[in-house]
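Student: Hey, I've never looked at this one before. Can you walk me through it?

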Amino acid sequence: MATLMPMLADFAIRLSGGLAAMLLVTPWRQVPPKFFQTHSQVLMALAVLAALDMARVGPTSAVAGAAALAALGYVSAVAWGLGLPRVGLPADAAAVIAASSLLAWASMGGDPTLSALDVAGRISSALLLGSTLTAMLLGHYYLTAPSMSIVPLERAVAWAVAAMGVRTLLAALGLGLYMSGRAGAQTADASGLFLAIRWGMGVAGPILAMTLAWKTTRMRSTQSATGILYIAMTLVLFGELTALILSRRAGVLL
């Protein structure tokens, strides 16, 4: 597994890319523009953090890519703040492309099969982080906009459930490669305790929480769904951060 990108930058790019992707699939006619503006501001801040982190060790091209992602986040925030979806949506699409390119670059080098698995794993991680955070924030938004349609929240939770499924499958493939000795591990010690935490709190926990969130959303119990999504987001963050540490040891994205 390539480790050209520092861990903090890696995580920030994943989350910013996932948020940008969710801006594209969230129905803007049913959700107030302020929600999109706030999302874009978070995206921009994460990209700036990634650029600063990569500036310490990364090549100029990668730093420039993160800076471009931050600039796209700024354009998106301004556009949504002015109520201009025709500008905001293309900026969000460009941000998805920029983030995906950076994640693909971080996975280059070594065995082509492992590189392809790493790219898919990083992108699925980005979608999982972005969709879970978006669902959580959307659920919270119903406290101030109770008349808002339930469709956006249902869609966000559905994306989170789907992303969790894909991420789990890819992580299982990575674990299988590591256990079989085909991952080219940099160190033989991908701690069993860390693996147990990763799969217990980082996979089984979110799956249970998202299942409950989906059921409560279908019941239109937005407050209950929001509380469960807070738990799901905490578990996803814990799981992905643990996976990030493990992956540097195992030689493949877990």
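Tutor: Leaving aside neighbours within four places in sequence, Arg198 is in contact (heavy atoms within 4.5 Å) with Arg167, Ala171, Val203, Gly239, Glu240, Thr242, Ala243, Leu246 and Leu254. Before we go on: this is a predicted model, where local features need pLDDT of at least 70 and side-chain atom pairs count only at pLDDT 80 or more, while totals for chains, interfaces and linings use all residues. Residues are numbered from 1 along each chain as its sequence is written, and side-chain values use heavy atoms, with hydrogens and water left out.

Student: Where does Arg198 sit, and is it buried or exposed?

Tutor: Arg198 sits in helix α7; helices are DSSP runs of H or I with at least four residues, numbered from the N terminus. Arg198 counts as buried because its relative accessible area is 1%. Buried means under 20% relative accessible area, exposed over 50%, and partly exposed in between, with a 1.4 Å probe and protein chains only.

Student: Which backbone oxygen does the side chain of Arg198 reach?

Tutor: That of Gly239, at 3.4 Å.

Student: And what does Arg198 meet in a salt bridge?

Tutor: The side chain of Glu240, at 3.6 Å from N to O. That pair links distant parts of the chain, with Glu240 in helix α8 and Arg198 in helix α7 (residues 192-218), 42 residues apart. A salt bridge here is a side-chain nitrogen of Lys or Arg within 4 Å of a carboxyl oxygen of Asp or Glu.

Student: What else forms a salt bridge with Glu240?

Tutor: Arg167 does, with the closest N and O atoms 3.1 Å apart. Arg167 lies in helix α6 (residues 151-179) and Glu240 in helix α8, so this pair ties together parts 73 residues apart in sequence. Arg14 also forms a salt bridge with Glu240, the closest N and O atoms being 3.9 Å apart. Since Arg14 is in helix α1 (residues 7-25) and Glu240 in helix α8, that pair ties together parts 226 residues apart in sequence.

Student: Is Glu240 buried or exposed?

Tutor: Glu240 is buried, at 2% relative accessibility. Arg14 is buried at 2% too, and Arg167 is buried at 1%.

Student: How many salt bridges does the structure hold, and which residues are linked in a network?

Tutor: The structure holds seven. Asp10, Arg14, Arg122, Arg167, Arg198 and Glu240 are linked in a network of them.

Student: OK, back to α8. How many residues does it have, and how far does it reach?

Tutor: Helix α8 (residues 222-250) has 29 residues and reaches 40 Å from its first C-alpha to its last, close to the expected 42 Å. That expected span is 1.5 Å times one less than the number of residues. Just after α8, Gly251 takes a positive phi of about 85 degrees.

Student: New topic: what's in the nonpolar patch on the surface?

Tutor: Tyr74, Val75, Val78, Leu82, Leu84 and Val87, with about 540 Å² of accessible area together. Those areas come from the Shrake-Rupley method with a 1.4 Å probe, and for residues only the protein chains shown count as cover. Patches are made of residues with over 30% relative accessible area and no salt bridge, joining like charges within 9 Å and nonpolar side chains (Val, Leu, Ile, Met, Phe, Trp, Tyr) within 5 Å.

Student: Which helix gives the largest share?

Tutor: Helix α3 (residues 60-81), with three residues. Leu84 is in the loop between α3 and α4 (85-106), and counts as partly exposed at 39% relative accessibility.

Terms used:
Helices (H or I, at least four residues) and strands (E, at least two) are DSSP runs, numbered from the N terminus. A polar contact is a pair of N or O atoms within 3.5 Å; within protein, one must be able to donate a hydrogen and the other to accept it, and residues adjacent in sequence count only if both atoms are side-chain atoms.
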